[in-house]
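Keep the structure open while reading.

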Amino acid sequence: MLMSLLAYLALAIFLAGFAWKIFQYARSPAPLLIPTTPAPLTKIGVAWRLFTEVAFFNSLFKGNKWTWLFGYAFHAALVLVLLRHVRYFADMPHWFAEVQIFGVIAGIVMVGALGMLLIRRFWVARTRYISSPADYLMLMLLLAIGGTGLLMKFAFRPDIVSIKEAMVGWVTLRGFQTPGDVLFAVHFALVLVLLAIFPFSKLMHLGGLFFSPSRNQTDTPREHRHVNPWAAP
Amino acid sequence: MANHDVPEVKEDIETPELHEGATAHLAIFPAQEKHMVPLGFPGARVENWQQAGVDKLKDLLEKYRSLQVYLDICVKCGSCTDKCHYFLGTGDPNNMPVQRAELMRSVYRRYFTPSGKFFPQLVNARDFDEETLKKWVTYFHQCSQCRRCSVFCPYGIDTAEITMAAREIMDAIGVGHKYSQEIIGKVHTIGNNLGIPKPALNGTLRFMEDEILDATGQEVRLPVDVKGAEVLMVAPSADFFSAPHVESLMGYAKVFHAAGVSYSFSSIASEAANFGMFIGSYEQKRKIASRIAEQARELGVKRIVVGECGHAWRVAYSFWNTLVGPFDTLDPRYPVPQHICEFTNDLYKRGGLTFDKETNDDKVVTFHDSCNVARASRMGDTPGGQFTIPRDLIRATCNHYADMDADTIHEKTFCCGGGGGLLTDELMDLRIKGMLPRVTALKQVMKHDKVNFLALICAICKAQFSKVLPYYDIPMDTVGGVHQLVNNAIVLGKNKGVV
């Protein structure tokens, strides 16, 4: 019952908070054109620039190869792991079971990459200097989520049928019985924490990147007059 | 040369060890009441400055998407930590871009985020108190707004935007930097940063006409306030008086002369620079830019051409149209504004100019991409034209050219160390150390390619290099403008009438 309540609370905070932040970013004006140049001249060019940032972490690659490697491995693996988890929330076609192995491998890669990011954060004097407790806690939270997930996969297998029942009940807003498995309860509770802090943390880079003026503007100030919405007429 | 601690130039640019507080002692000269009040800022620190500062931050968060997004989404990946020239030169951790921004982020978290309100220790949230303000004053005047960090940030977080906001907040509570405020005052009262009144401006231009006449036998004109001229030429005022800037000014004049394009300077808009950007004030940026738009209308010109000045070109190219556009009275066939390099290169390509490259044969040239030109503007029709056009022009006027290391040019170029409103004597120590990465790359090509001339297109860079290069045992006349090369190479009296 308590878990059920908390689960809905966390989901609500996540959805409302994320929507609010996106609304806030979209609503706030961009008075001047400030793309980091050379920048694309067309909207399609901007879409491509953002795509390369999201798909390949282009700028990070220029900046630091190790951080890029670990960061990219983590994010790519996370995507696969999330895809793999879709089966716990909905009925999937038969072939989906066949490709589960990629998600499982990704789970291992993800935890490994997180570990490397944590070590790097602590190891390199510069990143250690810039890190607050929250930066370490965020990595540890993700590590704990990944770690409990791997434990369920490889060591202490929970009753997946009751878990799936609960998850479907959760996301279809029909309510659910909390499965009795302790490892799962920990895994799930940590995910709820992650969801609840998401909109108020640096995790908002997920949405914020698309609103970064230095990356999402065309370099066309002479060709088209950009109007500052709050300038005196 | 005064005594300064000059860092050792290594073979390659190296990331230094952290050196806590290395530049904490560097203090700016505070702006006084007489500098602040005319610009609409409080004359002294206001009574309720903490609340007023937080209120101003709220105001800016609502006005600038950049600030809101950039304060939120940094994940502290560390990609920027070894990219700032001031960090590379000083090792001071507060000169790592992320840590500089953290000075503002920690305040933002404290007052504007739930985590900072309830768990300040956990997320490093700080009150906007005396100690924080002191760090703001110090380290937001150790950022030259060069945007190099933004290139390497996975989200494009631009520390320049944060520095501008910080300076705007400080101005709003009466804590200003004398250097920029005093100069903006001169622009409004006299017309230019150097404070050159019209008679002096006229005098120096007539003197230059005589110089050119003596040297070439040609009557090249440098006219002021001529109505009906084709082009309004807006140069940084340093071009009128400083070395090596004047050489470029004579270069511009000869280009107009050789091409037969009528032009004029303006005594009222006798300054391309716009320090409104350095202090982050939209209103000052607009006011300073409006002098030029008004003069273009007043003189009835068809085009505006901007001289060799980096941040001025950013404001002109990226912001003018928004600040004071549209430029309805100008000829729509030409971009507004045009950079002098675009103008000259275009004329040359169309056969309107003749260069004798051998006049520059004593030089092996390299080109320093000035930060605001490289990362905040464009020339020509294609992205990256700001890199190719000046280089094309150099190759058209010189036989010997070599680029510096690829990690230090184009969008990855290093600031000269004096941009962003820091070209002031009290920050000399910072200016020397901030030049270290650029000097390292320069010394490499001086050694391997026998480079002996550093060409560039920025008045601040020219002033900074000619003052600071000697500390690194490089002669001050190593630096000069691209149009200084044009000035040497252009053959007068050959081409006429190409427009």
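The model is predicted. Chain B touches chain A through 58 of its residues, which meet 55 residues of chain A. Chain B itself is divided into domain 1 (33-176) and domain 2 (185-402 + 451-489).

**Chain B against chain A**

- Several helices of chain B each supply at least two residues to the side that touches chain A, among them α2 (49-63), α3 (65-73), α5 (97-112) and α6 (114-118).
- By class, the side of chain B that touches chain A holds 27 nonpolar, 18 polar and 13 charged residues.

**Domain 1 against domain 2 in chain B**

- The centres of the two domains of chain B, taken over C-alpha atoms, are separated by 32 Å.
- Their contact draws 13 residues from domain 1 of chain B and nine residues from domain 2 of chain B.
- On the domain 1 side, α9 and α10 (159-172) of chain B each supply at least two residues.
- α10(B) has the largest share of that side, five residues.
- The domain 1 side divides into six nonpolar, two polar and five charged residues.

**Nonpolar cores**

- The largest nonpolar core has 168 residues.
- Within this core, B:M233, B:V234, B:I304, B:V306 and B:A455 touch the most other members.
- Helix α14 (residues 245-259) of chain B provides the largest share of the core, nine residues.
- Domain 1 and domain 2 of chain B both give residues to this core, so the core lies between them.
- Beyond its neighbours within four places in sequence, B:M233 is in contact with B:Y252, B:Y263, B:S264, B:F265, B:V305 and B:G307.
- A second, separate core has 17 residues, including A:V81, A:A134, A:I145 and B:V123.

**Helices α15 and α16 of chain B**

- The axes of α15 (residues 282-299) and α16 of chain B come within 10 Å and cross at roughly 90°.
- Angles of 65 to 115 degrees count as roughly perpendicular, and α15(B) and α16(B) are therefore roughly perpendicular to each other.
- From α15(B), the residues B:K285, B:R286, B:A289, B:S290 and B:A293 take part in the contact.
- They meet B:V315, B:F319, B:W320, B:L323 and B:V324 in α16(B).
- The contact of α15(B) with α16(B) has seven nonpolar, one polar and two charged residues.

Notes: Residues are numbered from 1 along each chain as its sequence is written. Chains are lettered from A and ligands numbered from 1 in the order in which they are written. This is a predicted model: local features need pLDDT of at least 70, side-chain atom pairs count only at pLDDT 80 or more; totals for chains, interfaces and linings use all residues. Two residues are in contact if their C-beta atoms, placed from the backbone, lie within 7 Å. Helices (H or I, at least four residues) and strands (E, at least two) are DSSP runs, numbered from the N terminus. Ala, Val, Leu, Ile, Met, Phe, Trp, Tyr, Cys and Pro count as nonpolar, Asp, Glu, Lys and Arg as charged, and the others, Gly among them, as polar. Domain bounds come from an automatic or database domain assignment. A nonpolar core is a set of buried Ala, Val, Leu, Ile, Met, Phe, Trp, Tyr and Cys residues joined through C-beta atoms within 7 Å. A residue is buried if 20 or more other C-beta atoms lie within 10 Å of its own, exposed if 12 or fewer, and partly exposed in between; C-beta atoms are placed from the backbone. Axes are lines fitted to C-alpha atoms, for helices over the stretch in contact, and angles run from 0 to 180 degrees between N-to-C directions. Angles under 35 degrees count as roughly parallel, over 145 as roughly antiparallel, 65 to 115 as roughly perpendicular and the rest as oblique.
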